[in-house]
Amino acid sequence: MNAGISANRPSIWPEHASARGLKVGGITPFTATDYPGKLAAVVFVQGCPWRCDYCHNPHLQPRTADSPLDWRKVMALLRRRVGLIDAVVFSGGEATVDPALPDAIAEVSALGFRIGLHSAGAYPKRLAEILPVLDWIGLDIKAPFAHYARITRIADSGRHALQSAEAVLASAVDHEFRTTIHPSLLSEPDILQLAQTLSGMGVQNYALQLFRARGCRDDRLNAVSMTAYPDTGTVQRVAALFPHFSLRQAE
Ligand code: SF4
């Protein structure tokens with residue numbers, strides 16, 4: 001079980017809020033694919049500051065005025081899952097956008113669940129503060145850090161992602177770094193360059209995720225064939241850079 005956020009450490013989270021304020025856009029009550037080796041539920045936090053064209057949860061991008069799902073109902077569902085699942089994963093959107101996330105994690109952790117987080121690292125300082133209370137993190141890496149805006153449409157997003165990646169690697173948290181790839185967005189040399197950068201930073205566990213059209217609203221991306229992409233030679237060269245590597249469909 002994780003250590004808990006120290007009561008003595010000043011929180012950099014803005015307007016530190018109670019879990020009841022968490023904006024939840026959806027929940028998956030049971031999944032075997034969102035936390036490695038564990039049965040889990042996934043809580044999708046509403047809102048994301050980035051605008052990736054390939055996003056397959058675009059309805060979760062806006063920070064809505066109210067929470068689509070009431071946190072008390074989420075907790076009631078999770079209480080009924082005690083003994084049936086091992087972990088709860090906070091995903092999004094971008095879960096670290098929500099100032100109520102630390103309290104929500106604390107409430108879920110008190111039920112005895114392992115805590116997972118899916119994040120793109122948009123808020124590195126907030127991420128660094130909650131890393132000690134996580135049991136596992138899946139960190140999305142969009143592109144070579146200098147070219148992030150090509151994917152996210154947001155200037156400076158690569159700097160934030162790099163800081164988040166460094167924070168995860170400096171922590172003791174079990175993690176996976178993963179990159180969704182599409183031939184219009186990442187060339188084979190881009191993929192290799194990014195993999196070499198991540199390997200050089202010390203990433204041990206890396207996955208390439210093939211773009212899938214389901215949920216994506218960008219017809220341009222959906223129309224492009226994924227046949228023969230990425231090249232087998234590229235995949236082999238990337239795989240050789242990491243102790244643990246997988247190629248799979250985007251989740
Ligand atoms: S960071 Fe994730 S949730 Fe946000 S727009 Fe990109 S793919 Fe969608």
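**A walk through the model**

Let's start with Gly93, which sits in the loop between E3 and H2. Those labels stand for DSSP runs numbered from the N terminus: helices are H or I runs of at least four residues, and strands are E runs of at least two. Gly93 is joined to Gly92 by a cis peptide bond, with omega at about 15 degrees. Before going on, keep in mind that this is a predicted model, where local features need pLDDT of at least 70 and side-chain atom pairs count only at pLDDT 80 or more, while totals for chains, interfaces and linings use all residues. Residues are numbered from 1 along each chain as its sequence is written, and side-chain values use heavy atoms, leaving out hydrogens and water.

Gly93 also shows up around the ligand, along with Cys48, Trp50, Cys52, Cys55, Gln61, Ala120 and Lys142.

Now find Thr152, in helix H4. Thr152 counts as buried, at 0% relative accessibility; buried means under 20% relative accessible area, exposed means over 50%, and partly exposed is in between (1.4 Å probe, protein chains only). Leaving aside residues up to four places away in sequence, Thr152 touches Trp50, Arg51, Cys52, Lys142 and Ser157, where a contact means heavy atoms within 4.5 Å. With Ser157 there is a polar contact between the side chains, at 2.7 Å. (A polar contact is a pair of N or O atoms within 3.5 Å; within protein, one must be able to donate a hydrogen and the other to accept it, and residues adjacent in sequence count only if both atoms are side-chain atoms.)

Next, the charged pairs. The structure holds 10 salt bridges, each one a side-chain nitrogen of Lys or Arg within 4 Å of a carboxyl oxygen of Asp or Glu. Take Arg153 and Asp53, whose closest N and O atoms are 2.2 Å apart. This pair links distant parts of the chain, 100 residues apart: Arg153 is in the loop between H4 and helix H5 (157-170), and Asp53 is in the loop between strand E2 (40-45) and helix H1 (71-81). Another bridge joins Asp98 and Arg63, at 3.0 Å from N to O. Here the partners are 35 residues apart, with Asp98 in the loop between strand E3 (87-91) and helix H2 (101-110) and Arg63 in the loop between E2 and H1. Are these two buried or exposed? Asp98 is buried, with 1% relative accessible area, whereas Arg63 is partly exposed at 34%.

Glu176 is buried at 8%, while Arg248 is partly exposed at 23%. Some bridges share partners, too: Asp53, Arg153, Asp218 and Arg220 are joined into one network that way.

(The expected span is 1.5 Å times one less than the number of residues.) The buried residues of H6 are Asp190, Ile191, Leu192, Leu194, Ala195 and Leu198. Among the parts covering them are helix H4 (149-152), strand E6 (174-181), strand E7 (205-210) and helix H8 (232-239). After H6 comes Gly202, with a positive phi near 105 degrees.

Most residues other than glycine have a negative phi, and most peptide bonds are trans. Asp156, in the loop between H4 and H5, has a positive phi near 75 degrees and is partly exposed at 41%. Ala228 has a positive phi as well, about 65 degrees, and counts as exposed at 67%. A cis peptide bond joins Pro230 to Tyr229, with omega about -5 degrees.

Notes
A residue is near a molecule or strand if one of its heavy atoms lies within 4 Å of it.
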